[in-house]
Structure formats: C-alpha cells, structure tokens
Amino acid sequence: MFDIAVIGAGPAGFSAAIQARKREKTVLVIGEAGGWLSRAHSIQNYPGFIDISGAELLAKMREQAEAMGAETRPGVVHQILPFGDHFALSLGGDFIEAAKVILCTGAKQPRLLPGESEFLGRGVSYCGTCDGMLYRGKKVAVIAQGPEAVSEANFLSGLCSEVHWFGAPQEGVDPRIVLHGEKPEAILGGMKANALQADGQPFAVDGIFIFREAMALSALLPGIETDGTFIRVDRGMRTTVPGVFAAGDCTGQPLQVSKAVGEGCVAAMSAVAEL
Ligand SMILES: Cc1cc2nc3c(=O)[nH]c(=O)nc-3n(C[C@H](O)[C@H](O)[C@H](O)COP(=O)(O)OP(=O)(O)OC[C@H]3O[C@@H](n4cnc5c(N)ncnc54)[C@H](O)[C@@H]3O)c2cc1C
C-alpha cells in the first residue's frame, strides 16, 4: 500500500512525487516513459534552463524523483476503484493500493468509439492479461494504439484461436496475429459486442481489446467531474472525488511545464495534509 499513487509520468507527476518524498511519504509514479514533453525539441521558458530539450528535462525530473525514493512503473492504469479509505488501481493484471491518488494524465483524452462504453465488460476489454482467459479458443480483435498493444496482443495470441490487429504495424508482433489496415469505427452487438465495424464493414469477433496510451476519464474514474475535457479542481488541486487530486495539463490551460510542475507541488501537499 502506497501513501500516494501518481498516474502519469510527466512533469506534473514527477513534481508531485518529489514533493511527496520530501515529506517522507511512499509514492509510486505509474506511466510510460515519453509523453508530451519528450516531443518538445527545445524548452526555453522553464526557469533554471536557458535551452533544454523536452526529453532531457523529463529525464532529469525522473532521475530526481527516483533518487529521492519515488518508485516508478510503466503501464496504463485502466481503472481507479474507491475502497472506503483507500483506492485500488488496475494496472495490467495487477491491483495497486494507495491511500491517495494524484491524476497527472496530461491533456490528451482518447476519443471513444461508438459502442465502446456500452459494451465495456460485455465483449470489450482494456486488459488482455486480465480478461484473456474469457476468450480462450475464441476470435478477438485488438485495437492497437498504445505501448502495451504488442505484449498484450502477443499474450492473447497464445490463448485465442484468432487475433486480428487493427492499428499501425509495430515491431515484435507475433506472426500468428493477422494485421488489418482498415480503420475501426464502431463496436456493434446485441446483449454483448459481436463485431467491429471497420471501413464501413462489420468484422465478426467474440471480443474486442482496446489498448491506448491513456484512458478516457469516464472509464478511469466514473463520476469525476470535468469542465469539458479537463478535470475540475479547487485551489488545492482537489477533484470532486475525495482523496483524488489532479495536476498539470489534465486540469486545463495553459498547457505549460511550469504550470504542471506548480500544480503537481500543490496537489502533493494537499494529499499529504489529508494522510
Ligand atoms: C511539441 C511540444 C512542444 C512543447 N513546448 C513547450 C514549451 O516550450 N514550454 C512549455 O512550458 N511547454 C511546452 N509543451 C507543453 C508541455 O509538454 C506540457 O504542458 C507538459 O508536458 C504537461 O505535463 P503533464 O505532466 O501535465 O502531462 P504530460 O507531459 O502529457 O504527461 C502525462 C502522461 O500521463 C500519461 N497517462 C495518461 N493517462 C494515463 C493512465 N491512465 N495511466 C498511466 N499513464 C497515463 C500520458 O501518456 C503521459 O505520458 C510542449 C508540448 C509539445 C507536444
């Protein structure tokens, strides 16, 4: 059980982790390396660095957080489940427990496919290692848009009779997986999902696995209030869900590193005060 789980390994997440460690709280930062900042060639408006690449700045932030004792884990958190006085976070096939959660998930919100929310848990899944056994010997489609797609699809190829990959080809995909160029448009079904519509045509399957680099907030933490696509927070970076805080681009404009770092600091101090 961690004192604080931080979701998102960007500037807001590492800033929150550094502040939490400074106050001797146990903290886990979950997220893939990379993210928005690593795409910036040159940052010239972050104090302390006249000109630094986004990748280098992010690497320094990670190094500082880890040196201070923050734990880090790659992966995408699929769901946050409130359990009275703490939370369980689903990450791959694992559950991670934490007393407080800080969302530092960035501004990029995935657009859900029509039918996706409706059939979630009824033929649609975000986790191959968790739900793959339900599709043993069956035909499944994988919508591959995130870093986990290759390992998760390969895991499914050892269980399912057929795995069909919809997404840009990636290195390391098991040769048993059938690659498709058609663009997924919707999930179709009755009592449960039974087809993926791609390029206007229904493709019959028993299940559909979706792997993205981020989760829609409505799936990650149902009931959290937003202003448009941004998470609603107060001055202490508290969301409308008690025990859950948010910082950085996910709370709104301006989408800037210094704002993300500042909010990460405030969120961590608010979380620590409630522990
Ligand atoms: C090309 C470019 C140039 C830029 N130039 C500048 C600049 O010069 N100056 C400046 O101040 N800002 C600049 N920015 C903006 C800056 O990068 C962002 O404001 C900053 O990265 C926001 O930090 P963050 O931690 O809030 O989010 P991000 O850096 O977006 O990090 C969020 C991370 O959370 C991950 N995540 C999301 N959901 C989940 C989940 N469910 N589980 C696990 N992980 C999850 C995401 O994949 C992402 O890696 C630039 C951005 C780009 C793309």
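I start at the ligand: a backbone N or O atom of V257 lies 2.8 Å from one of the ligand's oxygen atoms. I call that a polar contact, meaning a pair of N or O atoms within 3.5 Å; within protein, one must be able to donate a hydrogen and the other to accept it, and residues adjacent in sequence count only if both atoms are side-chain atoms. The protein buries 85% of the 1000 Å² that the ligand exposes when taken alone. Those areas are accessible areas from the Shrake-Rupley method with a 1.4 Å probe, and for residues only the protein chains shown count as cover.

Before going on, the model is predicted, so local features need pLDDT of at least 70 and side-chain atom pairs count only at pLDDT 80 or more, while totals for chains, interfaces and linings use all residues. Residues are numbered from 1 along each chain as its sequence is written, and side-chain values use heavy atoms, with hydrogens and water left out.

The elements giving two or more residues to the shell are helix 1 (11–22) and helix 6 (257–274). Helices (H or I, at least four residues) and strands (E, at least two) are DSSP runs, numbered from the N terminus. There are 30 residues around the ligand, and A12, N45, V77, D249 and V257 come nearest; a residue counts as near a molecule or strand if one of its heavy atoms lies within 4 Å of it. What is the make-up of the shell by class? It has 16 nonpolar, 11 polar and three charged residues. Here Ala, Val, Leu, Ile, Met, Phe, Trp, Tyr, Cys and Pro are nonpolar, Asp, Glu, Lys and Arg are charged, and the others, Gly among them, are polar.

The peptide bond from Q253 to P254 is cis, with omega near -10 degrees. P254 sits in the loop between strand 17 (244–246) and helix 6.

One is open, with three strands in the order 11-12-13 and antiparallel pairing; two strands pair if DSSP finds at least two bridges between them. Strand 11 (184–189) and strand 13 (201–204) are at the edges with a single partner strand each, so one side of each has no neighbour in the sheet. Neighbouring strands are turned by 30 degrees against each other on average, direction ignored. The axes are lines fitted to C-alpha atoms, for helices over the stretch in contact, and angles run from 0 to 180 degrees between N-to-C directions.

Strand 11 pairs with strand 12 (residues 193–198) over five bridges, and a hairpin of three residues joins the two. L188 has A195 as its bridge partner, and G189 stands opposite A193. Strand 12 and strand 13 are joined by four bridges, with L196 opposite F203. Their hairpin has two residues between the strands, and there D199 takes a positive phi near 45 degrees, although D199 is not a glycine.

The other sheet is open as well, with five strands in the order 7-14-8-9-10 and parallel pairing. Strand 7 and strand 10 (178–180) are its edges, each with a single partner strand, so one side of each is left without a neighbour in the sheet. Two bridges join strand 7 to strand 14, and V124 stands opposite I208.

Last, salt bridges, of which the structure holds 11. The criterion is a side-chain nitrogen of Lys or Arg within 4 Å of a carboxyl oxygen of Asp or Glu. One of them joins E116 and R212, with the closest N and O atoms 2.8 Å apart. E116 lies in the loop between strand 6 (94–103) and strand 7 (124–125) and R212 in strand 14 (residues 207–212), so the pair ties together parts that are 96 residues apart in sequence.
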